[in-house]
Amino acid sequence: MAKSREKKAAAFYDLEGTLIRTNLVHTLAFYALRQQGLWQTFKKSAETLVKLPAFGLVDLYSRNVFNEFFFQSYKGQSYDRLRYFADELFEKVLKPAVYPGARDLIQKSKKIGLRQVVLTGALDFTIEKLMKYLEIDDYKANQLEFVNGYATGRVLPPVMASATKAKWIREYAEREGISLSESFAYSDSISDLPMLSIVGHPVAVNPDFRLRQVALQHDWAILDLT
Amino acid sequence: MALQLRRKTHESIVYIDKDSAPRIIPFGEDFILEYLPVGTRVIYPNPTIKGLPNREAAIRYAVNHPLDADPLYAQLRPGMKVTIAMDDISLPLPPMATPDLRQTMLEVVLDICAANGVDDIHLVIANSLHRKMTEWEMRRMVGKKIFDEFYPDRYYNHDAEDEKNLVTIGYTKHGEPLRINRRCAESDLLIYLNINLVPMDGGHKSVAVGLCDYESLRAHHEPQTILNSNSYMDPQRSELNHKITRLGKLVDENLNVFHIETALNNRMFPEGYDILTRNEDEFSLSDRLKWEAIKRTFSKLPRIARRKLLHQIPAQYELIACYAGATEPVHQKILEKNFQQYEIPVKGQCDILITGIPDISPYNVYSALNPLLVQVMALGYHFNMYRNKPLLKKGGVLIITHPCFDEFDHRFHPSYIEFFHRLLPESRDAFYLREKYEREFAENPAYIEMYRRGNAYHGAHPFFMWYWGENGRQHVGRVIVAGAENAHVPEILGWERADNLTEAIAMARSYMGRNAEITMLHQPMIGICNVTD
């Protein structure tokens, strides 16, 4: 039985680590293994492998800097090719990585009339099918810049990370007439603290150590969907 | 009445004299020693009924000689679907020494099932909207052998939010719905293993409450039903019991239930700690040394360590009766035995009731007794341990001893935190809270998933805890917390605080008069006061 609310409310989700167990690197690795020709595939895969420790370190330092650094890896890849493999990416990588409780959580949220919104640092074309599969109403993902059909390695602003997510949510709520105090936000990472802080019902999902400590301090709900 | 004469009213009742010893009173995870005013009536648990010498034989006899039903072996046939449901970790309290009584019951029942060619068996914990038991707790409850054979596919917790595994079996003529666990409902035979610790437990409550969903539960777990129960520990005068009996009849019409109920004695503590339930006037030198050892050990430990220590002391309960068969006659027999162990005849109500709050409740096994649970123990359980009339006069003062720390277990009680810090400052009116917020909490997707996938109490559970205290809240004039370490927790609960018991008694006397009759329940105890004029 859906609760009658004075104002509309929403559930805002981070994606990687929250609803699915994969992260941006899994997607990059998937594409690295599907380059044109064996040499390109080997080169891109090796490059991705070498960069892994750097990705980890930069992400620890700042999610925004990580995004700038990380998406450089897509430089030179064609839009058609990236798009073409998106369906396979969903079937082979993303769909099996959906946490067992994720769909139930979304269904229970829908049942009480919450609009389902995902905010993710992933690339928009890689998650289209996943969003349909999860029955998400709206999503905001990062968009690569393409010139003449090839990625420049830059991400079009606003880059979805940290405070940008919170800003986007505030604007979205104002535009759609959504009450943030009645809304939920779900994330696994301390980098999403701003997004969790602006809603009435923040939930730390499979949280990292730092987010768990914050959640405990602030009496936020801690959920394990694994 | 002369004090010497008053002393002899009942073996469980002691009056404080000038030369009486100080009393040991629980104070959360600690114990305090306090002198009580002369004339105070102290109520102790009844003497322990001796346990049956061979509990396995008693259980086997019960299932072979059931009441109003065919013996278990006669109801079994090869290929049939059998589900064995059992009480969760909230019973008994504290958790009993292994082997748990449920393990013994299971060993007997599974043995009979195997002998009759029944192998499609599931074991379901009837946790209702309580937290799901952890793997370790589940293993401890049934023993390694049964656990290894059945867990996790055929031994699991009931899930009141698993839509596809719930089935509506009907409505009572009063329109109360009953939706229960599908596996239990669709089995050829449902065997229920019960441990009856207090008269509120067991009977139709086992299946109709233990295996139901939120919508079914909210029909009777609501403030008016609690208010109309005088008390909910006295089944005949409990509206809650009447409603559950209606649902139970629906169960009997639709399911084939074979109920095995057990009654335990009141041996709550092992040797060494047993002094905590005894009359301090009768302490021997050895008893005093035991108390000194407990006191000194506890004084050196931080709260968390004391809690851990207390949670590792298993209860030494013994089986005193076992009956099997149809739910109602079985429950009737067990209730008689319960009252034989617990009932204490008490003459006259009191003006001031003192009750220590120990770290024991059905809802904080292996976790902290948070403020809402302190409330449910004080105004719910301790207040309601009566028949006929409350021990405390209408408008009297209830004094409890507890530090009232603002501590919640995030894993077990997440929705309690929001209830306590967000809702109670807005209102303490149970009807208002139910109307405005209960469904919001019950449908909170995060709380639902924390209940389903973790070990959290259901989102609506803190409401039931608040309703549980409604009787007491409406009856008691004031509640004073002696020794509360902060001001805000008592204030949120609508209580007053005092630095210590002496100050609390002085405050209570200032409200009730210098000649106020004082009674103390010597906690921890399980005892039902049958109060007459």
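The domain bounds used here come from an automatic or database domain assignment, and the structure to which they are applied is a predicted model. For chain B, that assignment gives domain 1 (3-39 + 348-532) and domain 2 (55-264). The C-alpha centres of domain 1 of chain B and domain 2 of chain B lie 29 Å apart, and where the two domains meet, 30 residues of domain 1 of chain B are in contact with 27 residues of domain 2 of chain B. On the side of domain 1 of chain B that touches domain 2 of chain B, at least two residues each are supplied by β15 (386-387), α17 (430-442), α18 (445-453), α19 (461-468) and α20 (470-475) of chain B. The residues of that side divide into 20 nonpolar, six polar and four charged.

Staying with chain B, we can turn to a pair of its helices. Two packed helices are described by the angle between their axes and the distance between the axes. Helix α2 (residues 55-64) of chain B packs with helix α4 (residues 101-115) of chain B at an angle of about 50°, and their axes are 9 Å apart. The angle makes α2(B) oblique to α4(B), and α2(B) passes α4(B) in a right-handed crossing. From α2(B), the contact is made by B:Arg55, B:Glu56, B:Ile59, B:Arg60 and B:Val63, while α4(B) brings B:Thr104, B:Met105, B:Val108, B:Val109 and B:Ile112. Sorted by class, the contact of α2(B) with α4(B) has six nonpolar, one polar and three charged residues.

Chain B also has cis peptide bonds to look for. The bond from B:Thr98 to B:Pro99 is cis, with omega near 0°, and B:Pro99 is found in the loop between β5 (81-86) and α4 of chain B. The bond from B:Gln523 to B:Pro524 is cis, with omega near -5°, and B:Pro524 is found in the loop between β19 (518-521) and β20 (528-532) of chain B.

The next step is the contact between the chains, which takes 17 residues from chain A and 14 residues from chain B. On the side of chain A that touches chain B, α6 (102-111), β6 (201-205) and β7 (221-223) of chain A each supply at least two residues, and the largest share, four residues, comes from α6(A). The residues of this side of chain A divide into nine nonpolar, three polar and five charged.

Within chain A, helix α2 (residues 38-61) and helix α3 (residues 63-70) pack at an angle of about 145°, with their axes 6 Å apart. Here A:Phe55, A:Val58, A:Asp59 and A:Tyr61 in α2(A) meet A:Arg63, A:Val65, A:Phe66, A:Phe69 and A:Phe70 in α3(A).

A:Thr226 lies in the segment after β7 of chain A and touches A:Tyr99 and A:Asn206, not counting residues up to four places away in sequence. Is A:Thr226 buried or exposed? A:Thr226 has 11 other C-beta atoms within 10 Å, and because a residue counts as exposed if it has 12 or fewer, A:Thr226 is exposed. Its contact A:Asn206, in the loop between β6 and α10 (209-217) of chain A, is buried, with 21 other C-beta atoms within 10 Å. A:Asn206 has a positive phi of about 40° although it is not a glycine. A:Ser162, found in helix α8 (residues 162-176) of chain A, has a positive phi of about 45° although it is not a glycine, and A:Ser162 is buried, with 21 other C-beta atoms within 10 Å.

Definitions and conventions. Residues are numbered from 1 along each chain as its sequence is written. Chains are lettered from A and ligands numbered from 1 in the order in which they are written. This is a predicted model: local features need pLDDT of at least 70, side-chain atom pairs count only at pLDDT 80 or more; totals for chains, interfaces and linings use all residues. Two residues are in contact if their C-beta atoms, placed from the backbone, lie within 7 Å. Ala, Val, Leu, Ile, Met, Phe, Trp, Tyr, Cys and Pro count as nonpolar, Asp, Glu, Lys and Arg as charged, and the others, Gly among them, as polar. Axes are lines fitted to C-alpha atoms, for helices over the stretch in contact, and angles run from 0 to 180 degrees between N-to-C directions. Angles under 35 degrees count as roughly parallel, over 145 as roughly antiparallel, 65 to 115 as roughly perpendicular and the rest as oblique. A crossing is left-handed if the near helix is turned anticlockwise from the far one by less than a right angle, and right-handed if clockwise. A residue is buried if 20 or more other C-beta atoms lie within 10 Å of its own, exposed if 12 or fewer, and partly exposed in between; C-beta atoms are placed from the backbone.
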